[in-house]
Amino acid sequence: MEMKIALLAGDGIGPEVTDQAVKVCNAIGEKYNHQIIWEKGLIGAVAMDATGNPYPDETHKTCLCADAILFGAIGDPKYDNNPSAKIRPEQGLLKMRQSLGLFANIRPTFTFPSLLHHSPLKKERIEGTNLVFLRELTGGIYFGEKGRKDGGNSAFDICSYNKEEVKRLAKKGFELAMNRKKKLCCVDKANVLETSRLWRETVQEMEKDFPKVEVSYEFVDAVAMRLVQWPNSYDVLITENLFGDILTDEASVISGSMGLMPSASIGEKNALFEPIHGSYPEVAGLNIANPLATILSAAMMFEYSFGLNSEGETIRNAVNESLKQRIITKDLVNENERFSTTSEVGDWISKNL
Ligand code: IPM
Ligand code: MN
């Protein structure tokens with residue numbers, strides 16, 4: 001198969017972790033006889049430095065023409081500490097999500113048998129966890145009207161959703177649940193928020209179309225607690241943009257390191273794959289960041305965008321094997337254990353597919 005992939009490395013550790021995923025994809029291409037054409041694009045702080053725009057039109061065109069997008073990370077501390085900055089690197093990511101219509105963010109959380117001890121949570125609580133969040137990604141408070149009033153002394157961010165936005169996300173959630181344990185949890189704050197009541201009402205109306213799916217409705221504060229108490233009681237969770245942002249960071253603790261969890265952001269036409277971690281500028285360029293989340297995002301890309309399940313499975317198996325043989329980065333080693341560099345992990349996985 002011939003595949004054109006837009007490669008947006010972004011900021012911080014983005015370039016070094018995406019380099020490893022590219023190596024792994026190219027090795028998969030050789031093994032399974034695929035021709036992968038990489039088209040690079042600028043996004044985030046690097047794009048601002050080069051063009052003044054965190055998501056240049058040129059990058060948008062590259063994404064539109066690609067079969068899939070592989071993305072690294074966004075954010076640079078030099079833009080973080082200035083609350084009055086008009087443009088920020090993160091706006092590039094938000095603009096990309098919105099202009100490509102990537103409304104569903106799929107963020108799985110699972111454990112690796114060889115890393116159970118690495119999570120700060122008790123092994124018996126997290127063992128067997130295999131859940132997936134579907135976070136709404138192009139609506140809610142992130143994209144509502146925002147501004148200042150009273151001469152700058154008061155501020156507002158409006159959260160609004162319409163039924164269609166809830167429906168298309170929830171439909172993906174029901175469909176995903178049908179292929180899994182058939183459990184769907186709608187996470188909201190319907191005891192307080194009107195948008196949450198719309199979410200709940202809409203999902204309730206859809207239940208009849210998916211009679212085999214067992215649906216529960218839980219408040220976001222309770223989910224935040226139960227997620228770390230009994231994570232393996234969940235299967236598919238659907239939620240709005242901001243709740244999903246917060247809960248998926250929390251969920252990454254279950255797997256043991258932020259450097260492990262992949263994600264996919266999908267729309268009607270385009271799909272983007274990225275690690276859930278950020279740009280981690282403190283270690284950028286040091287060749288110590290964990291590339292596994294990006295490599296696993298590439299595995300999701302083969303499956304979701306190209307229907308190539310054995311290619312995805314091959315990558316996941318090699319990742320598991322690297323963990324078993326402890327070819328691991330600094331974030332995962334025990335005290336006094338030797339660690340491998342970012343590129344050594346990428347090389348090892350590419351050679352052991
Ligand atoms: C994420 C990130 C982004 C978000 C930031 C960088 C805008 O935290 O992908 O979860 O809040 O969505
Ligand atoms: Mn986040």
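**Ligand site and domain contact**

Ligand 1 is surrounded by Glu 90, Leu 93, Arg 97, Arg 107, Arg 135, Tyr 142 and Asp 245. The model is a predicted one. An oxygen atom of ligand 1 lies 2.5 Å from a side-chain N or O atom of Tyr 142. For Asp 245, an N or O atom in the side chain is 2.9 Å from an oxygen atom of the ligand. The side chain of Arg 107 also places an N or O atom 2.9 Å from an oxygen atom of ligand 1.

The chain is divided into two domains. Domain 1 takes in residues 1-119 and 258-353. Domain 2 covers residues 124-255. Their C-alpha centres are 24 Å apart. The contact draws on 23 residues from domain 1 and 26 residues from domain 2. Between them, domain 1 and domain 2 bury about 2,300 Å². Of this area, 63% is on carbon and sulfur atoms. On the side of domain 1, the most area is lost to domain 2 by Phe 103, Arg 107 and Thr 109. Together, these residues account for 31% of what that side buries.

How many salt bridges and polar contacts link the domains? The count of salt bridges between domain 1 and domain 2 is zero. Six residue pairs, both at pLDDT 80 or more, are in polar contact between the domains. On the domain 1 side, helix H4 (89-99), strand E4 (104-110) and strand E11 (262-266) each supply at least two residues. Strand E4 gives the most, with seven residues. By class, the side of domain 1 that touches domain 2 holds 14 nonpolar, seven polar and two charged residues.

Salt bridges do occur in the structure, which holds 19 of them. Side chains of opposite charge can pair when their charged atoms come close. One salt bridge joins the side chains of Asp 157 and Lys 146, at 3.4 Å from N to O. Asp 157 lies in strand E7 (residues 154-157) and Lys 146 lies in strand E6 (residues 146-149), so this pair ties together parts that are eleven residues apart in sequence.

Notes: Residues are numbered from 1 along each chain as its sequence is written. Chains are lettered from A and ligands numbered from 1 in the order in which they are written. This is a predicted model: local features need pLDDT of at least 70, side-chain atom pairs count only at pLDDT 80 or more; totals for chains, interfaces and linings use all residues. Side-chain values use heavy atoms; hydrogens and water are left out. Domain bounds come from an automatic or database domain assignment. Contact means heavy atoms within 4.5 Å. Buried area is the accessible area (1.4 Å probe) that two parts lose on being put together, summed over both. A salt bridge is a side-chain nitrogen of Lys or Arg within 4 Å of a carboxyl oxygen of Asp or Glu. A polar contact is a pair of N or O atoms within 3.5 Å; within protein, one must be able to donate a hydrogen and the other to accept it, and residues adjacent in sequence count only if both atoms are side-chain atoms. Helices (H or I, at least four residues) and strands (E, at least two) are DSSP runs, numbered from the N terminus. Ala, Val, Leu, Ile, Met, Phe, Trp, Tyr, Cys and Pro count as nonpolar, Asp, Glu, Lys and Arg as charged, and the others, Gly among them, as polar. A residue is near a molecule or strand if one of its heavy atoms lies within 4 Å of it.
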